[in-house]
Amino acid sequence: MHVQMMTSPSSSPSSPALSLESVRQRLRRANLYGLLAQAEQILHEPWLAHVLEIEESERQRRSLRRRLDGARLGIFKPIADFDYDWPKELDRQLLDELMTLSFLSDAANVIIVGPNGLGKTMLAKNILHQAILRGYTARFTLASDMLHDLAAQDSSTQLTRRLRRYTTPSVLCVDEVGYLSYDSRYADLLFEVITRRYQQRATVLTTNKSFGEWNQVFPNAACVVTLVDRLVHRSEILNIAGPSYRLKEAQERVARRKSPRSSKKSKQ
């Protein structure tokens, strides 16, 4: 999808005078150390404010691009395309609140629960996208991809290093928990990720299973009860229910393709 880069407004004759300390801070953030050394001499130069704005705008653009690339969101539909009338159960007020990202300040988790085809992944990706636009770091991953990635590490040192990929972003989305079943080793790895993020950074998780069914996802895993407990503590749970929207779209496409063929046959 198209992403509009954020830019700073251009300078104008009515721009307020720059203070020496603010200029020094801005030059330091922009790594303009040559100008920083001459800050007092150039403080009242008419071009200074414009140079700072150009540097800061470019810095913001590069930062946004790095965060978008690092999040690995892929292609997704914007929240404006979500059909709120289709699900039989959806707390619209809670969803609107989640899109404000208020949960991030509390390092709370967001758990989106519902059957296949109702847009859980779409909603999760839009939440992460909003976080990126607000300056947060984020990462999106399928549960299976993350767990296979962690399980493939050959030593505890490599595992510790790889865990940082999933524990350091401001918000992590683990998508499609419950679609496959895993052994105790994979349950322990998910537990490790959630524990390291617990009350420190927010995690968004989508699942098609109620928590009472997670023993089917991680059979014989001793950590499941504690894992669920840490996930739901200080969390927002968004339940979605209804028939598959993807199935509805597929049926509509089939009907559209059949319609021209039917009209041709009627004319023959």
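1. Basis. The model is predicted; local features need pLDDT of at least 70, side-chain atom pairs count only at pLDDT 80 or more, and totals for chains, interfaces and linings use all residues. Residues are numbered from 1 along each chain as its sequence is written, and side-chain values use heavy atoms, with hydrogens and water left out.

2. Sheet order. Five strands make an open sheet, ordered β2-β3-β4-β1-β5, with parallel pairing. Strands here are DSSP runs of E, at least two residues, and helices are runs of H or I, at least four; both are numbered from the N terminus. Two strands pair if DSSP finds at least two bridges between them. β2 (138-142) and β5 (235-239) are the edge strands; each has a single partner, so one side of each lacks a neighbour in the sheet. From one strand to the next, the twist averages 15°.

3. Strands β3 (residues 171-177) and β4 (residues 202-207) run parallel and are joined by five bridges. In this pair, L172 stands opposite T203 of β4. Helix α8 (residues 143-151) packs on the sheet and touches β2 and β3; its direction makes about 90° with that of β2. Contact means heavy atoms within 4.5 Å. Angles run from 0 to 180 degrees between N-to-C directions, with axes fitted to C-alpha atoms, for helices over the stretch in contact.

4. Salt bridges. The structure has nine (side-chain nitrogen of Lys or Arg within 4 Å of a carboxyl oxygen of Asp or Glu). One of them links the side chains of R92 and D96, at 3.3 Å, N to O. Why are R92 and D96 separated by about one helical turn? They are four residues apart in helix α5 (residues 92-99).

5. Largest pocket. Its volume is about 410 Å³. A pocket is an open set of points on a 1 Å grid over the protein atoms alone, where a 1.4 Å probe fits, with protein on both sides within 12 Å along at least five of seven lines; lining residues have an atom within 4 Å of a point. Of the 21 lining residues, G117, L118, G119, M122 and R246 are closest to the centre. α7 (120-133), β3 and α13 (245-267) each supply at least two lining residues. The lining has eight nonpolar, five polar and eight charged residues.

6. Cavity. There is one cavity of 30 Å³ or more, a set of points from which the probe cannot get out. The largest cavity holds about 40 Å³. A107, N109, Y198, Q199, H233 and R234 line it.

Methods:
Points joined across faces, edges and corners; volume = space filled by probe spheres on them. Nonpolar A, V, L, I, M, F, W, Y, C, P; charged D, E, K, R; others polar.
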